[in-house]
Amino acid sequence: MKRKPIGRVIATERTPTTIDRFQFWTNAEEKLRAFDVVKVEHIDGSFSYGVVENISHITDAQSFLTGFISSDFGNPELEAPTLRFGMNYAEASVSFNDRAIETPVLNNAAVFRAERDEILFALGLDRVQNPIACGALKMYAGTPDEINLPVRFNSKFVLGPEGAHLNISGISGLASKTSYAMFLLKSIQDRYLDARSDETCAFVIFNVKGRDLMALHRADESDAEVQKEYRALGLRPKPFERVKYFVPFPSGTYLSRDDREDYEREGLLTRFKYTYEDDRESLEMLFADVDDPTQTMESIIGKVIDENDPNFGVINSWGEFLEELDELSQKSSARSSNEISVLSWRKFKRIINKAIRKDSMFAERVVDNQNECRLASALKTISPNDVFVIDIAKLSTDKQAFVFGDAVKTIHNLKLGDYDDEGVKPPSKIIIFIDELNKYASKDTPKSSPILRLILDVTERGRSLGVILFGAEQFRSNIHARVTGNCSTHAYGRTSALETNAPDYRMLPSTYKNMLTRLEQGEYLIQNPIFRSLLRIKFPRPIYKQFND
Amino acid sequence: MSIMKLLAEKTGGESFRSRKYDLDRYNLEHVRERASSERVEIQAGFVRECGETEARARHIDLTSMSRQWLASGAQRLTFFLDGSRRVFKVDDIDYGSGGRKNFYPVIAGQVGIGCCRRLGRRIVPERFERNFLLVLPSKANADWINGFWSARTKELNELESLRRLNIKFEEILHYRKSESEESFEDQAIAQVMSFMNAREQAMVARLVREGKLDQKNYLVKDGSLEYLPLEKTDRKTATRLKNNYLRVIGVSKSFNPNNCLDAHQRLDQSVVADLPLHHRTVARRLEFKNMQFAVWYVRLRDKRQTRTPFDGVIKVEKMLVDEAPADSDELDMLSALLINERNPVCYGSDPRWANHIYPIYLTEAFVKSKYIGTESFLQLF
């Protein structure tokens, strides 16, 4: 049955319809929202589809004074016997035309709400190949025509090779960035668990806050409604599978002792250490945030990792390393190099001591049969559908950078094939989720930061390598342009007006920018190459256990 | 073939192809008010000065009654009627003879009659008609042939250019050289106005035939009711025409203050100028061309909030169908309802906002929105 029109296109001398945009009037009572899809009759029996961007209400009142005078010069209780003549008009951006006609829609063309199939078609959601659920959208809310639709990415445009990397932004506590990232990872794992193809995927997640992500394998006592939402999206209402937790030695985690022991008993938890011999090359990660304009720190690091260096070539342990640094920091040391000043050594030593001294995570050796490992070694063994959670919540900032940098470097090298001679066979794709990306890849991060260089390399080459970055931060405007610029998918959560005024949001229509300041928890605006326009989606609450920290 | 070429050919004239322009420099009320000098007051039957049943010396306070009506939400003013026209000078045509040249203006017009009705608190269209007219000098019918004008109208409407645009001229009117000092343009406009008045009456008659006007559903007409040409109408037709206006009132936004009379029938502008807020004057009985009206004034707005003391005052007319005075209770009710129509206002859109009631303003806007644009219309010729 043909639907009744909800309005008509209006093209005036000052506001014509164009290839990209049109406007239409509706009754003042007509319920429409931004992101609703409308269908417009066009020439040759075709239909054009548009997405509502803004809705205005206008009347014939010429100024505010007209309204004031209409209330007997300022009596707010007065109800006039006749309503002032008014209407709504909506501005919409053209999505596409079903006969590829690009000419502007014509004045007085009838405007309708679209059917379900038409909406999918208009938004580019029909016939999505390699689908990954990314949420659900609602059209025509509050009307008899209300429609709920699942939204799916094409995995090739999120995980490569056509497009890769995802950026999630939004205010902490309101935008639920971590929850959304975890929902997407769960959706991806579900897909790969079911898939019968050569393509495989694994996940590396950094837990940076409390115990947030330290129970991914445990089911939440979620209500039936949440489970229903997962099923509606084609997902299993179960927590993650194949989860392993890695915490800094000896017990650098916020997990309770009981939980830690339970996990160890179940073989889910391993404590990681760093040894001098194998991990000194990652020392540079401790200097990620250190300004090094004269590259002195870099020179020292170069000396430290040089096997032929007269000072450091013979050192085998952290203890010896620290002793050597003590020696070189002495003013009167005969062994100090003429190239590197004592002051530089002292600076280097200060940073190293702060991180390493008295921290048993930097150990002489790893005891395998006591549930210990080197993180890099563990990462090399990552298998399809594995979810590795690396807990760095309890570490200081510099050590977080160290662990993070070391892990990402290992994964990067793993996919580059550097460890192929060790017989490792990594999955086709490894997704790395980084929360608080601004710590490592902000616009203010020193250019010399090895972690920044690593992340840039991942975002620029990872698509073909199979290293995929899912990053989240509070302020997208603070992130390095090459990182966000290389992301194929962007998720915008609730944020502040100050943020939306930044140039990074220039491409968003002003209505959408304003909407970002009012989004509810669990709502995102999603941008992806296969979508014909920005989509407003909602995702369900996490299905894994969350601690009430 | 163009319209003017056809007309020139069929009437034996010569088109001058002069400049075409919009003639609406004449104020509608100005044309009507000139006729008001012909009104004559007569003494009423048992009430010497009043046109209503209750003889009151002073104005009547309707503040409380209007508030009661507003609070109740009930309505009686249901229909709103407005007629308007646009007139254009489209050519000059020569009807000289004996070697002399005599040029006469050719006037074209669009006449729109719109009726809106109240549905709840909304105003919605009820009915609309639009007519296209031409006005030629009577000289065009050189031989006084019967049926001349309708024949020319028919020929005109068969022009391909008009058929293609789905435009049909309703009539070709004519004006004759008069002894008054009125210009030919004014005379032509007067013909258009007469046509418009006739169409307004026809619309009122139709509403009555359809049973839409009754004691709970009045029609408010924009402007005066003093246009029914009953002086040359037979008694039966005149009675029928008058009965059509039983539930109709005319509301004028502008009026001649010099016609305001006091209780002793003396000219006294302060009757209106000093009328208190939400009061009405006593209704006067007036006679015009075989018709009698009750005429009174209602102040909608405080004069401290208007430019002149006459802004914010409307003149209301009701036909006295059987020459008996109007029922004072009915006039009070109608006036109280009119007072409530003072809001919302069209301030900023119309300089007459203080005297304009919103449903009439909307009806006016509705009618005007249906006109063909000036340039498009002039290009027809």
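**View 1. The interface of chain A and chain B in the predicted model.** In contact here are 19 residues of chain A and 22 residues of chain B. Between them the two chains bury about 1900 Å², and 53% of this lies on carbon and sulfur atoms. On the side of chain A, the residues that lose the most area to chain B are A:P81, A:T82 and A:L83, which together make up 33% of what that side buries. The model scores ipTM 0.79 and pTM 0.78.

**View 2. Salt bridges and polar contacts between chain A and chain B.** The rule finds 3 salt bridges across this interface. B:R342 forms a salt bridge with A:D72, with 2.4 Å between the closest N and O atoms. The side of chain A that touches chain B consists of 8 nonpolar, 6 polar and 5 charged residues. Polar contacts across the interface come to 17 residue pairs, with both residues at pLDDT 80 or more.

**View 3. Helix α6 of chain B, residues 184-209.** The helix has 26 residues, which at 1.5 Å a residue should span 38 Å. After α6(B) comes B:G211, with a positive phi near 70°.

**View 4. Residues 26-48 of chain B, a stretch with pLDDT below 50.** Chain B averages a pLDDT of 85, and 87% of its residues score at least 70. Over residues 26-48 the pLDDT is below 50, yet beyond near neighbours in sequence this stretch has 51 contacts in the model. Where pLDDT is low, predicted coordinates should not be read in detail.

Key. Residues are numbered from 1 along each chain as its sequence is written. Chains are lettered from A and ligands numbered from 1 in the order in which they are written. This is a predicted model: local features need pLDDT of at least 70, side-chain atom pairs count only at pLDDT 80 or more; totals for chains, interfaces and linings use all residues. Side-chain values use heavy atoms; hydrogens and water are left out. pLDDT is the predictor's confidence in each residue, from 0 to 100. Contact means heavy atoms within 4.5 Å. Helices (H or I, at least four residues) and strands (E, at least two) are DSSP runs, numbered from the N terminus. The expected span of a helix is 1.5 Å times one less than its number of residues. Buried area is the accessible area (1.4 Å probe) that two parts lose on being put together, summed over both. A salt bridge is a side-chain nitrogen of Lys or Arg within 4 Å of a carboxyl oxygen of Asp or Glu. A polar contact is a pair of N or O atoms within 3.5 Å; within protein, one must be able to donate a hydrogen and the other to accept it, and residues adjacent in sequence count only if both atoms are side-chain atoms. Ala, Val, Leu, Ile, Met, Phe, Trp, Tyr, Cys and Pro count as nonpolar, Asp, Glu, Lys and Arg as charged, and the others, Gly among them, as polar.
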